[in-house]
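Me: I am new to this structure. Please show me how to read its main features.

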Amino acid sequence: MSKKALITGITGQDGSYLAEHLLSLGYDVHGIVRRVALEDATRHFTRIAHLLDRLQLHAASLESYPSIFHVISRHDFDECYHLAAQSFVAESFADGFSTMNTNINGTHYMLAALRELRPDCRFYFAGSSEMFGKVSEVPQRETTAFHPRSPYGISKVAGFQLTRNYREAYGMFCSNGILFNHEGARRGFEFVTRKITSTVARIKYNLANELRLGNLEAKRDWGHAADYVQAMYLMLQHDTPDDFVIATGETHSVREFCELAFAEVNLDYQDYVKVDERFYRPAEVELLVGDASKARRVLGWKPTRTFKDIVKEMVREDVAALKSNSG
Ligand code: G4F
């Protein structure tokens, strides 16, 4: 019989790649989506439109324990991937209260409902390198202390600790991924990589003439989301639940990303990028670079795409999308 997986956040970048991966392995894939998304499917399901006839979607809200309880009570899930969150760091400064509410309570509701109804279901929590924040060592690994710098980072530390506590207190199979930034052509437009590549495409087609950004010197360890969802899957296949850093081990600045992205269409980023104070954060995470040697050793996971591959893919896809739209 095929395994049954539940994905929260299935309409997002990671959810869509993970759903594809699990379907390719013969899983019966279910997703939790907001009622409003079901009502306006064309707008909300763009990343999973090609999978819709193979998925089972259930309306529920991370803010409502009864709705989550109801979905989990209906199916005997083997694995649960909890990816849904308010995941935009800048927004968490604008509205820390709803970020905390969704990210912390949502995770707690998932864990509590599973404990009550499906204690044998394996649980994955999408932890983040934002938990390291003001980093105490370079590179960051599973043992590096957390020092989050945003309400988002704080909410992820709470989710991480809840997940670990359910593992230790109730013996449930609960694993944390500590994922560094991961991108791709399905990335949301608010994140810096997609903001850059989509604007590069618009500049190429004379639909924009500048790109306004905040801190160009921030450094991130950027991998590809399609590689990272494989790590999530592997964590739940391992013999024992554990916590794993998932990263490439390379770090690059926002400036370097701009340089490569503009060069991809033969332009010089310096002619278009303008620094705009509005995009600075009240507290910045200056440098992230991860050490994923534990995931490599224990899970046999490693990234397959380089920084350059990712920039190229994202620019090419954004240019191609504009080309096809412009007829
Ligand atoms: O692309 P970002 O918004 O991603 P950030 O904040 O690193 O968070 C992402 O990765 C985390 C994993 O480490 C996830 F947990 C999280 O959910 C999300 O996916 O910003 C990257 C960097 C920051 O330093 C930011 O200050 O780019 C800098 N930046 C400079 N100008 C900008 C901009 N970021 C955005 N979004 N927009 C700008 O105009």
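Reply: What follows covers the sheet, a helix beside it and the nonpolar cores. This is a predicted model, in which local features need pLDDT of at least 70, side-chain atom pairs count only at pLDDT 80 or more, and totals for chains, interfaces and linings use all residues. Residues are numbered from 1 along each chain as its sequence is written, and side-chain values use heavy atoms, with hydrogens and water left out.

Me: In what order do the strands of the open sheet stand?

Reply: Strands (E, at least two residues) and helices (H or I, at least four) are DSSP runs numbered from the N terminus; two strands pair if DSSP finds at least two bridges between them. Here seven strands, paired in parallel, follow the order 3-2-1-4-5-6-11. Strand 3 (55-59) and strand 11 (243-246) each have a single partner strand, so one side of each lacks a neighbour in the sheet.

Me: How many bridges join strand 1 to strand 2?

Reply: Five bridges join strand 1 (residues 4-8) to strand 2 (residues 28-33). Thr8 stands opposite Ile32 in strand 2.

Me: Which strands does helix 7 touch?

Reply: Contact means heavy atoms within 4.5 Å. Helix 7 (residues 151-170) packs on the sheet and touches strand 5 (122-128), strand 6 (174-179) and strand 11.

Me: Which residues touch the most other members of the largest nonpolar core?

Reply: A nonpolar core is a set of buried Ala, Val, Leu, Ile, Met, Phe, Trp, Tyr and Cys residues joined through side-chain atoms within 4.5 Å; buried means under 20% relative accessible area (1.4 Å probe, protein chains only). Among the 68 residues here, they are Ile7, Leu22, Val29, Tyr81, Tyr124 and Ile246. Helix 9 (residues 225-237) gives the most, with nine residues.

How values were computed
Axes fitted to C-alpha atoms, helices over the stretch in contact; angles between N-to-C directions. Buried < 20%, exposed > 50% of the residue type's maximum accessible area, 1.4 Å probe, protein only.
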